[in-house]
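Work through the exercises below with the model open in a viewer. Each task is followed by a stepwise solution.

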Amino acid sequence: MIQKPRGTQDLFLNNSKEWNAVEEKFRKVLNLFNYGEIITPMFESKELFVRGVGDSSDIVSKEMYEFTDRKGREYVLRPEGTAPTVRALIENKLYIQENLPYKTFYIGPIFRYERPQAGRYRQFNQLGVETFGIDSISHDVELISLGQSFLKELKINKDVIVEMNYLISGNERKEYELELKKYLNLFDDLCSDCEIRINKNVLRVLDCKIDGNKFAEAPKMTLFASQENKERLNKTFDQLKQLGIEAKINFNLVRGLDYYTGLVFEFKNIKTDQAIIAGGSYNNLVEELGGPNLPASGFAIGIERIMMILSDQEIKVADEDELDLFIIPLSDDAQFLTNKLLLEARTANLKVDTNWNIKNLKAGFKSAERLKSKNIVIIGENSINSDIYAIKDQKSGETKELKFKDIVKYLKGEK
């Protein structure tokens with residue numbers, strides 16, 4: 001038997017319904033915030049991620065699915081969603097003044113070669129939000145409130161806190177990196193990844209999955225930040241509190257991608273310490289990939305992680321799946337009339353079905369119950385000859401006799 005690749009999953013029945021409901025709720029919230037969707041290719045030039053995400057990141061150094069096409073061009077299955085969005089912004093000149101701020105979102109599969117574990121797959125799916133052309137405290141607060149609104153829509157905002165930090169840049173960052181290296185040199189038991197990152201991108205050491213918990217006493221970045229940057233972080237924190245969004249400052253939060261600058265944040269579950277939403281500002285990325293100097297910010301959410309939380313908390317987001325009518329045909333002539341009724345009802349936007357393998361009434365009623373049909377109609381020789389069809393309301397138990405031409409009107413509540 002051929003099996004699915006390791007680190008992937010099949011979705012069907014209720015799981016696929018819940019999945020689609022999560023996407024629908026995400027689109028609902030994004031529409032309220034006036035974001036439009038962008039759809040980019042599932043594979044891109046390798047250079048896009050080497051330049052955009054950074055060759056010191058785990059994504060580029062370890063986790064990309066790479067291939068070479070017949071002309072020797074190097075491509076990868078996209079390992080994250082921000083760099084492709086920036087590439088599309090630049091290539092299609094979406095940065096023109098009349099489009100700014102450009103507010104967009106994406107939904108789609110992401111590919112990373114890493115060890116599969118609970119909520120983490122080699123092909124997983126992200127909901128991502130990106131905004132270009134605006135850089136302010138007010139926007140930072142709105143972006144975080146957008147994430148809060150999505151979690152609230154799913155009813156999983158309980159026991160969630162926003163952790164935030166401000167990544168400094170320029171000379172301030174250089175001074176901090178020197179001090180951080182001095183601190184890290186005190187350790188003689190760091191993992192091989194940390195040893196490499198100390199020289200390539202020392203901030204990434206703080207994000208290490210192996211040694212990260214050792215650095216509680218690391219120098220605080222805010223000690224090297226300008227007064228303006230300190231005030232911005234504090235004002236963002238204060239405004240979130242005023243809006244009822246629980247937040248705290250985590251001085252070791254740096255995020256796992258090299259392009260972040262300024263505010264970074266994660267929505268974390270207090271009980272599990274798992275990140276649900278993660279993002280921040282990346283004000284240099286558009287220019288670094290060949291576009292104009294344009295501020296940008298955003299966040300991403302893993303759908304699989306959301307699905308796991310919903311399951312753990314026994315939350316259902318999909319609407320109850322019911323049929324308006326189930327038809328039980330009992331003869332060849334009845335099967336033709338069933339097709340006619342199915343077509344008329346579906347044209348009227350009614351959800352109706354039958355089972356062409358039904359051999360008797362008992363099997364028909366079982367099928368109707370399994371599909372949670374609100375109404376049942378039996379089409380047999382007597383009803384065909386008399387043009388009188390009995391419609392049974394499954395909830396009330398009442399039966400209504402109707403002519404064939406009146407069945408759809410009755411189901412729609414018309415007289």
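On a 1 Å grid over the protein atoms alone, a pocket is an open set of points where a 1.4 Å probe fits, with protein on both sides within 12 Å along at least five of seven lines, and its lining residues have an atom within 4 Å of a point. A volume is the space filled by probe spheres set on the points, which are joined across faces, edges and corners. The model is predicted: local features need pLDDT of at least 70, side-chain atom pairs count only at pLDDT 80 or more, and totals for chains, interfaces and linings use all residues. Residues are numbered from 1 along each chain as its sequence is written, and side-chain values use heavy atoms, with hydrogens and water left out.

**Exercise 1.** Describe the largest pocket by volume, lining and residue class.

Step 1. Its volume is about 1,300 Å³.
Step 2. Two or more lining residues come from each of H3, strand S6 (123-132), S9, S10, S11 and helix H10 (303-312). Helices (H or I, at least four residues) and strands (E, at least two) are DSSP runs, numbered from the N terminus.
Step 3. The lining divides into 19 nonpolar, 14 polar and 17 charged residues, where Ala, Val, Leu, Ile, Met, Phe, Trp, Tyr, Cys and Pro count as nonpolar, Asp, Glu, Lys and Arg as charged, and the others, Gly among them, as polar.

**Exercise 2.** Characterise the second largest pocket.

Step 1. The second largest pocket has a volume of about 570 Å³.
Step 2. Its lining has 20 residues, with Asn14, Lys17, Asp319, Glu320 and Asp321 nearest the centre.
Step 3. Helix H1 (residues 13-32) gives the most to this lining, seven residues.
Step 4. By class, the lining of the second largest pocket has five nonpolar, two polar and 13 charged residues.
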